[in-house]
Amino acid sequence: MDFTFTEEQTMLQDATRRFIANEASFDIRRKTLEKQSHSFNSAIWQGFAELGLLALHMPEAEGGLDGTATDTLLVMSAIGEGLVLEPYLASAVLASKAIATMGNAQQRDDHLPQLASGAITAVLAHDEVSTRFDRLNVQTKATPVDGGYLLSGHKSVVPHGGAADILLVTARLPDDKLAVFILPKVATGLRVLSYATVDGVAAAELEFDQVSVKASAILAAANDTEVAIGNLLDIGLAAVCAEAIGVLDKLLAATIDYAKNRKQFGVVIGKFQALQHKMADMVLHIEQARSMAYLAAVSCEDPDLKSRSIALSSAKVVIGQACRFVGQQAVQLHGGMGVTDELNVSHYFKRLMAIELQFGSTDHHLEMVAGSLTESST
């Protein structure tokens with residue numbers, strides 16, 4: 001399979017990398033974290049809009065760039081390299097895709113231009129305690145009342161849920177069908193608890209206590225919603241796999257640079273054969289992960305659901321194993337410095353820890369692959 005990028009795709013990744021290096025550096029990231037606002041840098045977000053990155057995943061008919069899965073891979077890889085805190089995956093990929101593919105004409109007209117310009121952000125509020133190993137096990141309820149609905153339930157670890165202007169909330173209707181509701185973040189009965197996850201990314205717990213929404217707030221026909229949500233989560237899984245490659249590459253480069261300069265017993269540690277073997281193993285894991293990230297990108301829109309599921313779960317297993325191995329080896333080779341907040345290595349390591357658990361842990365996806373292969377052999 002040919003994974004040669006086009007000239008336009010190479011320019012897209014280069015432009016994203018340059019912008020992040022200049023405008024979203026590690027020092028800027030640190031200052032954002034120090035504010036403890038559980039938000040993001042609005043200047044960086046506007047820069048993404050000016051580059052066209054916020055419109056990348058919208059159809060041309062809606063004023064977007066109609067980006068491909070490979071475009072998403074390249075941008076997410078650059079975002080991983082820069083440890084970007086901004087809600088690119090949550091808003092520019094998942095929420096924008098949800099509205100573009102599931103919304104009616106009015107909903108698309110109302111929200112997509114604002115999302116593309118960076119005027120607003122939106123997030124998909126889907127995850128609950130019950131969805132950890134069953135992504136469609138949604139317990140949030142939508143009860144019909146007076147031409148609308150009352151939402152009751154709890155959403156957990158919603159990325160950037162506290163800073164988003166719009167929430168796309170999944171809930172079960174009385175007939176047990178799944179629906180998605182567009183909800184402003186400011187709503188009576190909605191309680192938001194914002195916090196930072198281990199990697200510094202903002203998240204929130206959302207408590208819905210009889211939150212009133214209009215019937216027109218439903219984003220899609222209930223009959224199609226489970227499939228549509230499954231498609232979205234597959235796109236998110238592939239995107240986070242691509243982000244992992246950017247993080248892994250940077251962590252390896254930092255480790256090699258450290259090994260070339262750190263001296264022990266009067267000799268740079270990079271000359272010790274045992275450490276060279278460890279770094280060679282890191283390279284091996286990263287290259288395997290890179291291949292699987294490419295597989296995830298091309299598979300996330302495969303119409304064959306079983307084939308797609310096996311490919312994406314396989315990719316997540318290999319990438320999850322790489323996240324754990326490379327992260328642990330990098331920290332160990334840096335010694336005590338590897339876990340200090342001052343060194344960017346610890347931040348890359350924490351991001352890999354989070355990625356390993358996002359969209360299903362390594363162990364969960366390993367069970368998914370094993371189950372699929374068992375079914376195929378019987």
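1. Glu-287 is partly exposed, at 38% relative accessible area. The terms used here are buried for under 20% relative accessible area, exposed for over 50%, and partly exposed in between, with a 1.4 Å probe and protein chains only. The side chain of Glu-287 meets that of Arg-290 in a salt bridge, 3.0 Å from N to O. A salt bridge here is a side-chain nitrogen of Lys or Arg within 4 Å of a carboxyl oxygen of Asp or Glu. Both residues sit in helix 8, three residues apart, or about one turn of the helix. Helices (H or I, at least four residues) and strands (E, at least two) are DSSP runs, numbered from the N terminus.

2. A word on the model. It is predicted: local features need pLDDT of at least 70, side-chain atom pairs count only at pLDDT 80 or more, and totals for chains, interfaces and linings use all residues. Residues are numbered from 1 along each chain as its sequence is written, and side-chain values use heavy atoms, with hydrogens and water left out.

3. Arg-290 forms a salt bridge with Asp-249, with the closest N and O atoms 2.9 Å apart. This pair links distant parts of the chain: Arg-290 is in helix 8 and Asp-249 in helix 7, 41 residues apart. Arg-290 is buried, at 17% relative accessible area. Asp-249 is partly exposed, at 25%.

4. The structure holds 13 salt bridges. One of them pairs the side chains of Asp-234 and Arg-135, at 2.9 Å from N to O. Asp-234 lies in helix 7 (residues 222-261) and Arg-135 in the loop between strand 1 and strand 2 (141-145), so the pair ties together parts that are 99 residues apart in sequence. Is Asp-234 buried or exposed? Asp-234 counts as buried, with 7% relative accessibility. Arg-135 is partly exposed, at 34%.

5. Next, the nonpolar interior. A nonpolar core is a set of buried Ala, Val, Leu, Ile, Met, Phe, Trp, Tyr and Cys residues joined through side-chain atoms within 4.5 Å. The largest such core has 65 residues. Ile-20, Phe-48, Tyr-88 and Leu-248 have the most contacts inside it. At least two residues of this core come from each of helix 1 (7-23), helix 3 (42-51), helix 4 (69-82), helix 5 (88-102), helix 7, helix 8, helix 9 (305-334) and helix 10 (344-357). Helix 7 gives the largest share of this core, 14 residues. Another core, of 25 residues, lies apart from it, with Ala-55, Ala-98, Leu-219 and Leu-232 among its members.

6. Which residues does Phe-48 contact, leaving aside neighbours within four places in sequence? They are Phe-19, Ile-20, Leu-53, Leu-54, Val-84, Glu-86 and Tyr-88. Contact means heavy atoms within 4.5 Å.

7. Strand 1 (residues 122-125) is covered on both faces. Ala-122 and Leu-124 are buried on one side, Val-123 and Ala-125 on the other. Strand 1 runs parallel to strand 4 (residues 166-172), and four bridges join the two. Strands pair if DSSP finds at least two bridges between them. Leu-124 has Leu-168 as its bridge partner in strand 4.

8. Two backbone points deserve a look. Most residues other than glycine have a negative phi. Gln-210 has a positive phi, near 55°. Gln-210 is in strand 7 (residues 202-214) and is partly exposed, at 44% relative accessible area. Phe-265 also is not a glycine, and its phi is positive at about 60°. Phe-265 sits in the loop between strand 8 (263-264) and strand 9 (267-268). With 76% relative accessibility, Phe-265 counts as exposed.

9. Val-298 is in helix 8 (residues 273-299) and is partly exposed, at 38%.

10. Finally, Lys-350. Lys-350 is in helix 10 and partly exposed, at 28% relative accessible area. Not counting residues up to four places away in sequence, Lys-350 touches Val-198 and Asp-199. The C-alpha atoms of Lys-350 and Cys-323 are separated by 9.9 Å, and the two residues are 27 apart along the chain.
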